[in-house]
Amino acid sequence: MADMMTVRLKVNGVEHEGRCEPRKLLVDFIREDLGLTGTHVGCEHGICGACTILFNGEAARSCIMLAVQAEGAELATVEGLMRDGKLHPLQEAFREHHGLQCGFCTPGMLMTALDFLRTNPTPSEREIREGISAVLCRCTGYQGIVNAVRAAAPVLAAGR
Amino acid sequence: MGVGLPRLVGARVARREDPRLLTGQGSYVDDHRPARMLYAAFLRSPHAHARIRRIDASAALALPGVAAVLTGDDIARSAKPVRAASKTPNVKTTSYPPLALGKVRHVGEAVAMVAAESRYVAEDAVERIVVEYEPLPVVRDVESALDPASPVLHDEAETNLLVSREFARGDVDAAVAGAALVVRERFRFHRHTPVCMENRGCLAEYATGSGALTLRSSAQCPGLVRDILTDLLDMPEHLIRVIATDVGGGFGAKASLYPEEIATCVMARRLGRPVKWIGDRREDLLATTHAWDEIVDAELGLNQDGTIVGLRAEVIADVGGYSIYPWTAAIEPVQTISFLPGPYRVPTYRGRARGVATCKAPLGPYRGVGRPPAVFVIEGLMDRAARRLGLDPAEIRLRNFIRDEDFPYKSPSGIVWDRSSFTESLQKAREALDYKAARDEQARARAAGRWVGIGIASYVELTGIGSAIPVSPGMPVSTGTEAATIRFDPAGKVTAVFGVASHGQGLETTLAQIVGDEVGVPIEDVRVVHGDTDASPYGTGTYASRSLVLAGGAAILAGRSVREKMLVIAGHLLEADPADVTLAPGRYAVRGMPDRSVTVRQIARAAYSGAKHLPKGLEPGLEATRFYDPYYGTASNATHAAMVEVDRATLEVKILRYVVVEDCGRMVNPLIVDGQVHGGVAQGIGAALLEEIVYDDQGQLLSGTLMDYVVPSACEIPMMEVHHVETPSPVTLGGFRGMGEGGTIGAPAAIANAVADALAPLSIEVAELPVTPERLFRLTRKAGA
C-alpha cells in the first residue's frame, strides 16, 4: 500500500486535516474521510457532474481530482449552503419550481448553478441551459431547474 | 372524499422531501457506513460468451486488507440461482446465477466478488484474480441466434428463442387483403439503457446473534426483493429487511432483482460483517438491464376513408443473455404486441412476439416498457397512411379513435380501456399548438428551404394494475395489491406507512396530501414512511405506474377507517350522535353547530387515554391498515405534438415546440404531474435522437462511458408545454390514473413523425430510432439531398 499523505483543507469555512493514500479521489475523501455525503458520485469520469463542488470558488468535478490536489484549498459543498437553518435562495427556488425529483444530481446542480450565476447574474434561458449543461439530470427534463435558476438569479444578484 | 372539503388533493404543494435532498441530507445507500463495513468489487467478464475453466483467487486473497473472494461455485453453495418463471407455456425459464457458473453469457457479467477494507483495495484484488476462459462463438444478434447452427446460450432451454406469444382477433389476413390501402414498414428501435444518476448499489448486514439480514438497496421494489431473497437464501421472511429510503432514480432499471444484491447478502452472511457494493458507471452501462432493442414488421390495412380494417405485426426482441426476475424476458416484446393497437378501433389484429437470447446485457423494464416501440410503430403507420390518403395526421387519428360510446372497450390483445379522453386530448393538443398557425409557419419555412415538420403521437397505457392481470405477461408473482397503515400518535400527528418506494416521484408529498384530506389534518402533520419492509404492511414496491393508484387507494381506505373511529370518539367527547359529527379541516364538529367541536389532537389523545375517555366498548388506539386491489387497472392517455427543424448542414434535430396534453384522471399535485411529464419526455427525446447502446460483432460494449452513451443535457431539451384533461378514472378509488411513464411513451413517436414530416419533400420515412445525424445523413444522401 502506498504511503499515506496529509491533506489540509478548508470545507464550508471549517479547517480539516486528514490522511489518505495519494490515489484517493477528492470526492471519496469528502464523503468518506470528512463524512460529507451530500456530494454524490455519478460517473467517476467527469461527465455527469453529480460530484461538482466549489474549489477555490469555482465549480469543479471532485471525481476527477485527487484529494492531495486539494491541499490548502477552500472547498464549498452543498452542506454549506443553508444559513441559520434556512434554505439558501437557490435551494428555495429549486423547491418552489420543482427543480429536483430523485435529488441525486441536485447537489452538483446547485453548486454548478451557484458558480454560473456568479459569473452571469442576468442570464437568458439559453445561457442557463448552457450553464447547467455540465450536470446531467435524468428526472426533471431540466424544466424545473431552468425555471429555478432563472427565478433565483435576481434574488442572488440583489444579495451581492 | 366522503366528508369535508378537498383541500390538499389537487393543489400544487411543494414537495415534503425537498429540504433534505437540497441540503445533502438524503439517505442513499452509499451514504451509510456501519462499523466494520467491508467494500465489495466485482470481477466482470471481458468475454461475451465463454466457458470458465478455472478461477485462481490466491493472489487476490494474499493482498492485505482483503477479507474474502467469492466465485460462482461458492455462491451456489449458499444461494439458489434466480429463475424468472412464467405461466405462459412458450416462455422458457432459465437460471441466472448471482456469479457466473461455468459459463459467461455477456460482457460485464459478474464472475467473482471481493470484499476488502476499502473499495480501492477491493479493486486491486479484482485485478489479481486469474480466470482462465475458453471463448465460445458469440451470439451477436437475433438473426444469428435463431440460425439452427447457432450455439445455444442456455442448454436447459435448448433454443435461443426464449419467448413466443401471439395475440389475435378476427380474420386479419382477409381484412388486410381486402383493404383499400396497406402501409407496411420494418421498424427498428435500438437498444437503450436507463442511466439513473445514482448507480446501483447495496449494503448487506447480517446479525449473527439474531439471524436477521438487512439489505439497503437502490431498489424500487423492496418488498419483491425481500420475498425472493427468502427463497434464494432459504431464510424466513420475517428475518429479512430490505430498505430503500432515498434512491437516485429508477425508471424501471431498479425494479428487478440483481445478481449483486444476492452476492452481497451471501458475502455479509458468510463474514458476519456489513458489506457494501456501489456500482460505478461502467458497471451500470454493462450490467444494468437494457431496454427495447426490437425489430417490428408491421402492416396496417385501411379503407379509403382512412378507417382501420386490420393490423398485423411481428415483433422480435433481443432480450440479451438472461431472463430477469421477476418480469422475465417476455416483458418487452409481449408488452409491445399488447399495446400495438393503441387508442384505435382495430377490428382485426394479429401480433406475434419473439424474444431471443444473445450475448448482451439482459433486457428489463424501462419507463414505458414495450409501449415506446409500440407507439413508434402504430403512430408511424398512421402517418404513412395519412400521407398516402392525403389526410391530415390529426384527422386520420380522429377517424379511428375509440369513441365515448365504445367504452369500456376491449382491445384486440384483451386489455379493457375505461372511459378515456383520446379525442379530447388530441383536439386540445391541436389548439395548444395552434395547429393551423403551426402548419402555416411550416409552409413558410419549407418555402424558404428549411426542413421543418410537425409530428403527433397519441397513446393509451394501462396503469395501476390490480390482481386480475400480471404486470408482466405470464409472471406468476402477484403484484395486484398495496397497503397503507395510518397511525395517529396521542399528540394528533400522523405517520402513514406504505410498501411502495419513492425514488423521485414525490410520493412522500402526494400520499401525504391524500392522507391529510382523509383524516382532516394539514400536510405538515403527516409523515409518510416508505421503502422499508420492516416498517410497512405487505407490499412490493414502485413500478408500472402503480404507486399513486394502489397506495393512494389504500390511503383512502385506511383514512376512512381511521376517520370513522374519529367520528365515534368525537361524538363521545361532544356528547353527540357520531352520525351528526362532521369533519372540518383540523377539527371535528357537530353538523350545523361549528362551535361544538373537538380538535384532532383532542380525539387522538382520547384514543390513547383509556376507557373513561372512550365510548363504552370501543377499542383504544387510533390506527388502521387497509389493503387495496384495483383489480384490472385503469387507462391513461395523452397526445404529444412536436415541431422540429432538421438542420440542413449538421442534420441535428432541433425541437422548436413540444406540447403534451395528458389525462391522468384526478390530479393529486399538478406540480408533480408536470415534473413527471417533463422528465419522461426528456428521456423520450434522448431515445428518439441521441441514446443508443452499441455492441460490436464480438459482443463488446462500445458505448461504455457517458461520452459514448449520450444522455441529453439541458441544451438538447426544449421548454415543454404541458396541458391536462382530467377524466377521473371510473374504476379506481379517488379517480387516479398512473402517469409516471407516459412522457417516454409518446415522445419517440412524436419526434420520429415530426422528423419524417420535415423530410416529407424528400419522401423520407423514419423507421429507425434513434434518428441520429449519421442516420439522417444516410437517409438524406439516399434521397438525393
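**Rings, cores and charges**

Analyst: Let's start with two residues: B:Phe42 and B:Trp277 are both buried. Buried means under 20% relative accessible area, exposed means over 50%, and partly exposed is in between, with a 1.4 Å probe and protein chains only. This is a predicted model, where local features need pLDDT of at least 70, side-chain atom pairs count only at pLDDT 80 or more, and totals for chains, interfaces and linings use all residues. Residues are numbered from 1 along each chain as its sequence is written, chains are lettered from A and ligands numbered from 1 in the order in which they are written, and side-chain values use heavy atoms, leaving out hydrogens and water.

User: How many aromatic pairs are there over all chains?

Analyst: A search of the whole structure finds 13. Rings of Phe, Tyr and Trp (its six-membered ring) pair if their centres lie within 6.5 Å; planes under 30 degrees apart count as stacked, over 60 as edge-to-face and the rest as tilted. B:Phe42 and B:Trp277 form one edge-to-face pair, 5.5 Å centre to centre with 90° between the planes.

User: Where do B:Phe42 and B:Trp277 lie?

Analyst: B:Phe42 is in strand β1 (residues 38-44) of chain B, and B:Trp277 is in strand β14 (residues 275-278) of chain B.

User: Which way do β1(B) and β14(B) run, parallel or antiparallel?

Analyst: They run parallel, joined by two bridges. Two strands pair if DSSP finds at least two bridges between them. B:Leu38 has B:Val275 in β14(B) as its bridge partner. Strand β11 (residues 201-207) of chain B also pairs with β14(B), over four bridges in the antiparallel sense. There, B:Leu203 is partnered by B:Lys276.

User: Back to rings. Why is the pair of B:Phe407 and B:Phe422 called edge-to-face?

Analyst: Their planes are at 65° and their centres 5.6 Å apart, so the pair is edge-to-face. B:Phe407 lies in the loop between α12 (393-400) and β18 (409-410) of chain B, while B:Phe422 is in helix α13 (residues 422-433) of chain B, so the pair ties together parts 15 residues apart in sequence.

User: Buried or exposed, B:Phe422?

Analyst: B:Phe422 counts as buried, at 2% relative accessibility. B:Phe407 is buried too, with a relative accessible area of 12%.

User: Which residues form an aromatic cluster?

Analyst: B:Phe187, B:Phe189, B:Trp292, B:Tyr366 and B:Phe376 form one.

User: And charges over rings?

Analyst: B:Arg200 lies over the face of B:Tyr258, 3.6 Å from the ring centre. The charged end of B:Arg371 sits over the ring of B:Phe339, 5.1 Å from its centre. The rule is NZ of Lys or CZ of Arg within 6 Å of the ring centre and within 35 degrees of the ring normal.

User: What about B:Lys80 and B:Asp231?

Analyst: They form a salt bridge, with the closest N and O atoms 2.6 Å apart. B:Lys80 counts as partly exposed at 42% relative accessibility, and B:Asp231 counts as partly exposed at 37%.

User: Which residues share partners in one salt-bridge network?

Analyst: B:Arg44, B:Arg119, B:Glu123, B:Arg200, B:Glu260, B:Asp280 and B:Glu283.

User: Last one. Which residues touch the most other members of the largest nonpolar core?

Analyst: A:Phe94, A:Tyr142, B:Trp417, B:Tyr658 and B:Val755, in a core of 229 residues. A nonpolar core is a set of buried Ala, Val, Leu, Ile, Met, Phe, Trp, Tyr and Cys residues joined through side-chain atoms within 4.5 Å. A second, separate core of 53 residues includes B:Val13, B:Val500, B:Leu733 and B:Phe736.

Notes:
Salt bridge = Lys/Arg side-chain N within 4 Å of Asp/Glu carboxyl O.
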